[in-house]
Amino acid sequence: MKMKIAKLAGDGIGPEVIEQAVKVVNAIAERFSHEVTYTEAKVGACAIDETGSAYPESTHKVCMESDAVLFGAVGDPRFDNDPTAKVRPEQGLLAMRKSLGLYANLRPVETFEALIDRSPLKNDRVSGADLLCVRELTGGMYFGEKGRKDNGDTAYDTNIYHRYEVERILKLAFDYAGRRRKHLTVVDKANVLESSRLWRQIAQEMAPKYPEIKCDYMYVDNAAMQLIRDPKFFDVLVTENTFGDILTDEASCLTGSMGLLASASVGEHTSVFEPIHGSYPQAAGKNIANPLATILSAAMMMEYAFSLMEEGRVIRQAVAASIAANFVTEDLAGENITPRTTSEVGDWVADYIRNRK
Ligand code: IPM
Ligand code: MN
């Protein structure tokens, strides 16, 4: 198969972790005789520095003309403590999601047995937890009308949702639940928010069309608690943009490291595959960041963008093997384990894919 991949490394540790995913994709291409080409494009702070825009038109064109986007991270401390900054790196990510119509963000949370002791939760709670968070990605407060009034002393962000936006994300969530353990939890704040009541109303209209799926409803505050108290309760969890942002950071802790959580953003145009951790500027250039979330995002890319299930499985197996062999970066290395560098881990996983069958 021919794969045309847009490489948007972005800021901070983005370039380092993307390089490891590229090694892994190349190893897969060799082993399975695929042909891969990469086109690099700028996004985030590095794009602002070069063009003034966090998601320049030229980058959008590259994304539109590719089969998949491998995305690193955006963010830069230069902007973080400056609430007056006119352009911000994060706008690049949001503009990309919006212009590519990526309304669904899929964040699977799986635990690795070898890492169970790294989880802040007790083993019996977390062992075997396996859930898929489906986060709506192009609506809600992130994109609703926002602004200031009263000389800047009043600020607002509008949490707006249209029926078609809710229907399409719920449909996708029901479909994924149908392919998994057939349990969908719709997370909202319908006791307070009108937008949540629309979500719940539409979910209740749709549920009878999926009789094989057990659909339940949970308020977001309770969901935040249940994710810690009983993560195994969840199979597919679907929610709106802001709640999904917060709950997936929380859920990432279950696995023991945020450095393991991959994601796929899918919708109308080219899908984007990215780790859920951010740009981790403190580690940039130090060759210490965990590349596994990005490598696992490449596995999702094989499956979601190219329907190459075996290739995805082989990447996951290689990642699991590196963890089992304790060949990991410092965030995962326990007390008596030598931490490896970002590029050493990338090389190990790529070698495993090439040589161990
Ligand atoms: C994420 C990130 C982004 C978000 C930021 C960087 C804009 O936190 O992908 O979860 O809030 O969506
Ligand atoms: Mn986030």
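**Note on the ligand 1 site**

1. Domain 1 (1-107 + 264-357) and domain 2 (120-255) both give residues to the shell around ligand 1, so ligand 1 lies between them. The model is predicted, and the points below should be read as describing that model.

2. Ligand 1 sits in the largest pocket. The residues around ligand 1 are Glu90, Leu93, Arg97, Arg107, Arg135, Tyr142 and Asp245.

3. Helix α5 (residues 89-99) supplies the largest share of this shell, with 3 residues.

4. Sorted by class, the shell around ligand 1 holds 5 charged residues and 2 nonpolar ones, with no polar residues. Tyr counts as nonpolar in this scheme, a point to keep in mind when reading the class counts.

5. In Arg135, a side-chain N or O atom is 2.8 Å from an oxygen atom of ligand 1. For Arg107, the corresponding distance from a side-chain N or O atom to an oxygen atom of ligand 1 is 3.0 Å.

Terms used
Residues are numbered from 1 along each chain as its sequence is written. Chains are lettered from A and ligands numbered from 1 in the order in which they are written. This is a predicted model: local features need pLDDT of at least 70, side-chain atom pairs count only at pLDDT 80 or more; totals for chains, interfaces and linings use all residues. Side-chain values use heavy atoms; hydrogens and water are left out. A residue is near a molecule or strand if one of its heavy atoms lies within 4 Å of it. A polar contact is a pair of N or O atoms within 3.5 Å; within protein, one must be able to donate a hydrogen and the other to accept it, and residues adjacent in sequence count only if both atoms are side-chain atoms. On a 1 Å grid over the protein atoms alone, a cavity is a set of points where a 1.4 Å probe fits but cannot get out, and a pocket is an open set with protein on both sides within 12 Å along at least five of seven lines; lining residues have an atom within 4 Å of a point. A molecule sits in a cavity or pocket if more than half of its atoms lie within 2 Å of its grid points. Helices (H or I, at least four residues) and strands (E, at least two) are DSSP runs, numbered from the N terminus. Domain bounds come from an automatic or database domain assignment.
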